[in-house]
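Dear colleague,

Please find the structure below, followed by a summary of what was found in it.

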Amino acid sequence: MNAKKLNTSPLFSVLAYTIVGILSLITFAPFIVLIAGSFSSESAVLREGYWFWPRDFSFDAYAFIFRYPAEVLSAYRVSIIITVVGTVVGLLVSTMAAYVLYRKEVKYRNALAFFLFFTTLFNGGLAPFYIMITKYLELKNTLGVLILLPMFNVMFILILRSFIRGSIPEPLIESAKIDGAGEYRIFFQMVLPLSKPALASIGLFTALAYWNDWWTAMMFVDKDHLIPLQYMLYKMLSSVNMSSAMAQYAGAIDQPKETFKLAMTVIATGPILLLFPFVQKYFVKGVTIGAVKG
Amino acid sequence: MFIPIAVYFLIFAYAPMAGVVMAFKDFNYRDGIFGSPWNGFQNFEYFFVSGKAWIVTRNTILYNVVFLSLYTVFSIVTAILLSEIQKKFFKRITQTFLFLPYFISWVTVSAFVYNFLNYEYGIVNVLLRQFGLDAVDIYSTSWYWFLLLPFLYVWKWVGYGSILYLAAIVGIDQEIYEAATIDGANRWQKITRITIPLLKPTMIILILLGLGRVMRGEFDMFYQLIGNNGSLMDATDIIDTLVFRSLVNTQDFGMAASVGFYQSILTLIIILTANHLVRRYDKDHALF
């Protein structure tokens with residue numbers, strides 16, 4: 001550490017602080033404008049445009065959304081269900097696969113790894129995939145399709161494998177085996193608990209993928225009660241007359257349109273922004289585990 | 001314990017691969033993929049004759065190569081700068097801000113873009129008008145998007161990338177730097193002669209993985225930001241958005257399947273070539 005202090009070149013440090021500071025302000029600014037816009041009054045925005053702080057502070061946009069909250073709450077429910085169920089199941093199955101790929105006794109483990117990896121190199125394309133899901137598997141308009149499609153990421157499985165390899169020595173497993181533990185007992189009582197840090201970070205990545213997924217819903221869902229938050233947000237942003245349910249009440253003259261969009265964005269993104277400071281370190285850990293070598 | 005995942009990948013990844021035969025069929029929904037009649041290369045014909053093939057291939061490759069280069073450069077520079085920062089508090093705040101865009105969906109980003117750039121109320125135009133300048137109509141002028149899309153890409157991913165490279169920098173043995181200090185190296189020399197060469201393995205892997213996505217680049221981004229905006233189509237249409245539109249808007253399954261097949265083949269060729277080149281140069285860094 002001492003050597004490092006002797007080392008600092010003041011000019012370079014000033015440069016580093018300035019540039020990093022500016023970059024981080026650029027990345028942060030849109031969030032400020034979004035939140036400020038959502039708390040602005042509609043008429044002020046129409047008159048003067050968006051700005052970095054609220055123009056004529058007002059809750060109108062939020063009040064408008066929550067006057068008839070059914071749609072938003074339903075979307076929240078769908079998003080939460082698919083995120084929780086998908087993450088838990090996906091993580092369990094991924095770790096099981098990673099564990100198999102890690103055990104040296106498994107003869108074909110390289111072939112199995114390639115079996116998974118190959119899917120990232122080549123795929124059938126969107127059209128056969130779409131037909132397969134809708135015609136042969138009949139998954140259209142089910143909660144299942146929303147949960148199943150974003151479930152796995154091959155990279156995550158390979159990262160889990162390297163993590164298990166790095167933190168659980170094979171002899172430990174061997175000795176447990178000699179003591180009479182079965183494969184499942186070893187997996188649930190040793191591997192899972194010892195992999196907690198990796199599970200936490202990969203779990204968060206998976207959860208994030210579910211929360212932000214709008215594509216699956218757009219492709220395979222057209223029933224209102226199955227629409228998750230991000231897709232609902234997309235529909236509201238892209239249509240002038242908003243969604244069907246909202247349109248029924250749109251007769252109101254004072255209906256905020258511009259600020260409404262922003263308030264909806266805040267509502268859909270809010271949970272992530274609120275949780276972010278608390279979970280950030282697990283994400284950083286996850287990125288770092290992957291960087292060490294996949 | 002491998003069975004669940006094997007079944008999943010067989011159904012959702014390998015079975016659709018058999019569906020590539022769709023590209024050579026006159027598909028109708030009732031007869032299904034295997035029952036529909038063959039029609040040879042007809043599906044490909046329109047794609048290539050219309051000139052669409054050239055436009056989307058060019059856009060896909062150009063945009064994604066630009067994205068990948070900018071992402072790599074910015075991530076490394078940011079990581080090096082971050083590694084110079086000693087103040088814990090400052091580092092935490094800036095890193096949090098830089099990482100934040102990674103967590104939001106492109107749907108949200110499209111709301112941001114609208115916020116800043118729309119003609120009537122966007123913050124950029126509000127500013128321009130305040131200075132007495134003319135407002136710009138970004139949503140119907142394609143050349144702005146050549147600059148804007150790479151900017152947004154970097155904006156969204158650079159925090160993530162810088163963490164990847166920062167992890168690699170932290171892993172570098174401090175003694176090397178100390179030895180360099182004793183030999184009288186200055187900061188700049190340490191960065192160019194030690195840090196950057198030692199980042200090479202990480203760089204190669206990440207670029208290789210990135211190349212794998214060159215043909216399937218960022219559908220989310222293009223679709224959310226541009227959607228079906230006709231006036232920007234020639235400048236911003238990529239293979240994925242074309243496939244998506246032929247499937248969802250025009251229900252042209254044959255076209256979608258043939259373009260998708262073309263894309264998969266190109267992807268495979270690019271990855272194998274890149275991997276081969278890396279392998280020849282240094283065996284340890286190849287993906288497989």
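**Interface of chains B and A**

Between chain B and chain A there are zero salt bridges (a side-chain nitrogen of Lys or Arg within 4 Å of a carboxyl oxygen of Asp or Glu). The rule does find 22 residue pairs in polar contact across this interface, both at pLDDT 80 or more; a polar contact is a pair of N or O atoms within 3.5 Å, where within protein one must be able to donate a hydrogen and the other to accept it, and residues adjacent in sequence count only if both atoms are side-chain atoms.

This is a predicted model: local features need pLDDT of at least 70, side-chain atom pairs count only at pLDDT 80 or more, and totals for chains, interfaces and linings use all residues. Residues are numbered from 1 along each chain as its sequence is written, chains are lettered from A and ligands numbered from 1 in the order in which they are written, and side-chain values use heavy atoms, with hydrogens and water left out.

The contact (heavy atoms within 4.5 Å) involves 97 residues of chain A and 95 residues of chain B. About 8800 Å² is buried between the two chains, 78% of it from carbon and sulfur atoms; buried area is the accessible area (1.4 Å probe) that two parts lose on being put together, summed over both. Met1(B), Phe2(B) and Phe103(B) contribute 10% of the area that chain B buries against chain A, more than any other three residues.

**Chain A**

Of the 294 residues of chain A, 54% are buried (under 20% relative accessible area, 1.4 Å probe, protein chains only).

Yours sincerely

How values were computed. Buried < 20%, exposed > 50% of the residue type's maximum accessible area, 1.4 Å probe, protein only.
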